[in-house]
Structures are given as structure tokens and as C-alpha cells.
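Let's take a walk through this structure together, one stop at a time.

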Amino acid sequence: MKRNKIALSGVALLAAGTLALAGCAGGGSGSTDKGDTGAKADTSAIITTNGSEPENPLIPTNTNEVGGGKILDEIFAGLVYYDAKGKPVNDMAESITTVDPQNITVKLKKGQKFSDGTEVKADNFIKAWNYGAQSDNKQKSGYFFEDIEGFLNDPKDPATPDDDVFGAQGDLSGLVKVDDYEFTIKLNKPASDFALRLGYSAYYPLPDSAFADMEAFGKNPIGNGPYKIGGEGWQHDVKIELLKSEDYQGGRKAQNGGLTINFYATQDAAYADLQGNKVDVIDAIPAVSLPTFQSDLGDRAVNQPAAVFQSFTIGQFLPHFSGEEGKLRRQAISMAFDRAQITEKIFSGTRTPAGDFTSPVIAGWSDKIPGNEVLKYNPEEAKKLWAEADKISKWDGTFQIAYNSDGGHQEWVDAVTNSIKNTLGIDASGAPYPTFAQIRTEVNSRTIKTAARSGWQADYPGMYNFLGPLYATGAGSNDGDYSSTDFDAAIKAGIGNADADAQLKDFEKAQEILFKDLPAIPLWYSNVTGGYSQNVQNVEFGWNSVPLYYQITKTAK
């Protein structure tokens, strides 16, 4: 999805102490908002934006894609939220204290409510996290609870009676309620950035009513965030209407009357609506308009770094892409196209060729990791490696990259596959799917027969988030079923290391392994490219490319 070269200050690691002070009353970033004309705002006006149909019902622990995540982040509130620069700010939490790298104490603010009027208490977090972690519930973000005591993720663990178990079989023993407004978290191993993760949607609380019928709840969720579902609600494949929640008293209090997220079929349609002032803010510009959108929109254009990494994944389960043959073919494909040329000609410099598997906006980023030469265009070496793979098993068939047509990906997929075709002398092309939800269905069920575009919009501003959830054995977003004991050991060592410099060395070692195996083919870091209409002011885009919707206002008429 997006990013370039800026470093976030002081958020990569958290030492013992208190995570953040009380949540601030407004936006919290301290930076100047765009479009602030000083005109009187209509605080009842509805803000409109672009989005995509969620892949699944809106259950926080079962949503790991951008369409659903954008909605969840507006209707729920976690222990913390991240301000525009990625700094954690207390939301439901009064304080989060790391006693040591394995023990955390959470104290909640009193009087915080869900939109049904019930109070947010410790049990709402504990029960929600237990639901997400339990293996029987098969939640896509269950992986985020693996560090809490009571979670089982080793099929060889003698305590695991079933080799297929990944998760808790009962309540997580590491979550202990002290009273209605305090609970403790005991980890099964040191995780130096665990407190930083707690703004991610997997850690949102759920009201008691959710557990009566979770499937029904996901279709019409009750949250505790700045907005609630209202108006005409969720109209599948069309839009979702959210209204300001008066029950929310945190630092993201909505300065408008609500938010309507339109599910556009194409980025071109969304941009056309923006130019006609029919939509208020969008966070994606179609490739064909990238050369001109900044001159077209003027001061209303947005082009800034964000924590977004783009790639495509070639599943380990696909023919010719397992074992040593698969490594050789992935390396050959990676060197068969020119990232620099594509980012300049197609994206007009709004993307930066990838130099690693993370993002330059994350503290500790480096493009000097040994092995990353595999990301450089080298047609002769690509041909050589492909020929070596053919000695193991002769290539047959077509190489394709699946992509969603509603996401503006055709141009780069065509460019990449044409270069692969010309360099390696094989049949290669794109495989379009109408919607993101359709391609994700096949990826998740492992029925996909091709490579598929992939990417990562950070859940929280930490390096581990770009590595563990995507490439660890059994991880929830490990789309290619990659597994490496060496990689697993390296990231385990890194996340358990309280020394910041030593941790970065562990993560560098982990990435060296990824450059050999290439479970995903890194493409580029994406800037967020977007814009806003003449009808709104106080527009600001956050560190992860998403607009801070709660700050946006319309001028009173």
C-alpha cells in the first residue's frame, strides 16, 4: 500500500515504565492540519471517503485486510491509538506499565462506554482476546496472542494434544483480572514491543452481547470508538454508513457528524468523484493520474510517506516453487524486472524500490542488508538461476500474478510480467480478479493457482510487525505457507531482546534468510497518494496512510 524515507522517533522499542500519558483531547499529532481555512465548521456534516467491501464480518480478531480494518478502526477503540506520527496515545487505558519484558499491568479509565451504553471493563478485553486466541474459533489474527501465556503454537509441544492446534484451547492463563478496571498480561517469552502492539485491532474489546452470537455481531457490530454503524448501515458492495458516537470520550472524538465509506469498483471512479467534489477525501490515486494529480488538486493533493510495503507472493504449494527449485525460481523472477524503472514510469516517483522487507518509516530500517542484491534488475543472473532450476525440474505452464482490478494494480502487474516473460523466455501475464475480497478468498483457502499481489499496511509502528505476522511458521498472514526454523529462531531472538541495537541485528539476520528464500517478492514502498475536496478542512493523513477521519470538518453553509 505505501511508503518512502522518514523515520519515526522513539517508537520501535518500549522499555520498562509507563507507555503513555492520559489521552489528549483532540487529534494528538501536533502537526498543522491541511485545508484549515479558519471557516466555521459544520460539526453535524457527514464525511465521505473511499474503501472496499470487507472480506469478512466485522470481528476485530478475524480482520486482517485493509477494507475491514479501516471500518474497525473507526467503530472501535483499543487501549491505545496511534497519532499521525505513529506515537501511541492512551485511549481506553489509564496506564500501561511494563514491569519487565514479560509482565504488563493495564489500568483502564472508568466510565468509557460501548455504543450500546454498557461500560468498557477489563472483562471486555480479556474475553475478546481469549476468543481471538482460541484455536476452535480459527481467527485470522489469532497469531497476535501467541506471546501470551497459555497460547500453544508448537505442534511438537507435549502439552499440545492435537498436532493441528495453533492457539489456546481454553482461556489464556496469562490474562488475569485484578478488578473491573485493571488486568495483567503475562507473556510466555520476552516480547519487547508487546505494549506497542496494543493499538492494533486484534486487541480491541468486545461488549458482552457479542458472545451470544458472534456471527450476528460481526454483521452489525457494537463498538466503543468515535463512530458507530448508523443511517442505512452496511450495504454490501456499496458502502457503509457510520455516525458519530456520543458515548466515546477518548482522544479521537469526532469533529463531524459521521463517516460514509463508499466501496468503489475502481480507483478511477473514486478520483473522478473527488474531482467533482462528490467525495470528500480519498487515500488512493489511480496510476494513470499519478503524473498530474498534484497539479490538478494543488494544495489538496497528498503525497507523503506511510508504513506500507508492496510485494507479490508465490505460494510454497505451487508447482515448481517448493524446495531448492522454488528458491532458484523466486530469485530469478525477482531479478527479472526493473523496480526503479517501474516506480518512475508507472508511479511517477510515488513509490520507492524496496531494499528490504519492512518500511523506511520504521525505526531501524536499513537498505544495506546482505543478500538484498536479489532485488536488483539483473537479467543475465536471472536467466542463469532459471536454467539451474530447470535442471531440477523442467518448467512448464504459465507464470501469472493475480491482482484485484478494483485496486489500481493492472499497470504494474503488466509491466512486471512482461519483463519476466522477456527476460526468462516464458509465458507470463496478470490474472485479474474483480474485487479484493474475491482474491483473498482464494488466497486464504489456498485454492489459488497463481502468484498473487500482496502487501502490508503496518498494524503498529514496529519492525517485527513486518516480519512475524507475514513469514513466521503458521502466522495468520503467511499467505504462501512459508516455514523456516532459522527465520523463526531469528525473529524469536529479536522480539525477546530488550537491547535495541542487538534486536536490530537479530531482525537483520532474519531478513538475510528471507532474501535467500523469498517467501514474497519485495516490490516497493508506497507513499500514500490521495487528496480531498473543496468542501472539507482539517485533513491529515497518518503514519500508516489512513486519513484521521475524526479530525475532518466541512465548512458550514
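Lys327, Arg330 and Gln331 in helix 7 meet a trio from helix 14, namely Phe515, Lys516 and Asp517. Keep in mind that this is a predicted model. Sorted by class, the residues in this helix 7 to helix 14 contact are four charged, one polar and one nonpolar. Helix 7 covers residues 323–334 and helix 14 covers residues 500–517; their axes come within 7 Å and cross at roughly 90°. Angles of 65 to 115 degrees count as roughly perpendicular, and helix 7 and helix 14 are therefore roughly perpendicular to each other.

Next, have a look at the nonpolar interior. In soluble globular proteins, nonpolar side chains tend to be buried together. Here the largest nonpolar core has 156 residues, and those touching the most other members are Leu79, Trp129, Ile185, Phe312, Phe399, Trp412 and Ile420. Another core, of eight residues, lies apart from the largest one, and among its members are Tyr433, Phe436, Ile439 and Val443.

Our last stop is Asp280, in the loop that runs between helix 5 (267–275) and strand 13 (281–282). Is Asp280 buried or exposed? Buried means under 20% relative accessible area, so Asp280, at 2%, counts as buried. The side chain of Asp280 reaches the backbone nitrogen of Thr48 at 2.9 Å. Beyond four places away in sequence, the residues that Asp280 touches include Ile46, Ile47, Thr48, Tyr532, Asn535 and Lys554.

Terms used: Residues numbered from 1 in each chain as written. Predicted model: local features only at pLDDT ≥ 70, side-chain atom pairs only at ≥ 80, totals over all residues. Heavy atoms only, no water. Core = buried A, V, L, I, M, F, W, Y, C linked by side-chain atoms within 4.5 Å. Buried < 20%, exposed > 50% of the residue type's maximum accessible area, 1.4 Å probe, protein only. Helix = DSSP H or I, 4+ residues; strand = E, 2+ residues; numbered from the N terminus. Polar contact = N/O pair within 3.5 Å; in protein donor to acceptor, adjacent residues only side chain to side chain. Contact = heavy atoms within 4.5 Å. Axes fitted to C-alpha atoms, helices over the stretch in contact; angles between N-to-C directions. Parallel < 35°, antiparallel > 145°, perpendicular 65-115°, else oblique. Nonpolar A, V, L, I, M, F, W, Y, C, P; charged D, E, K, R; others polar.
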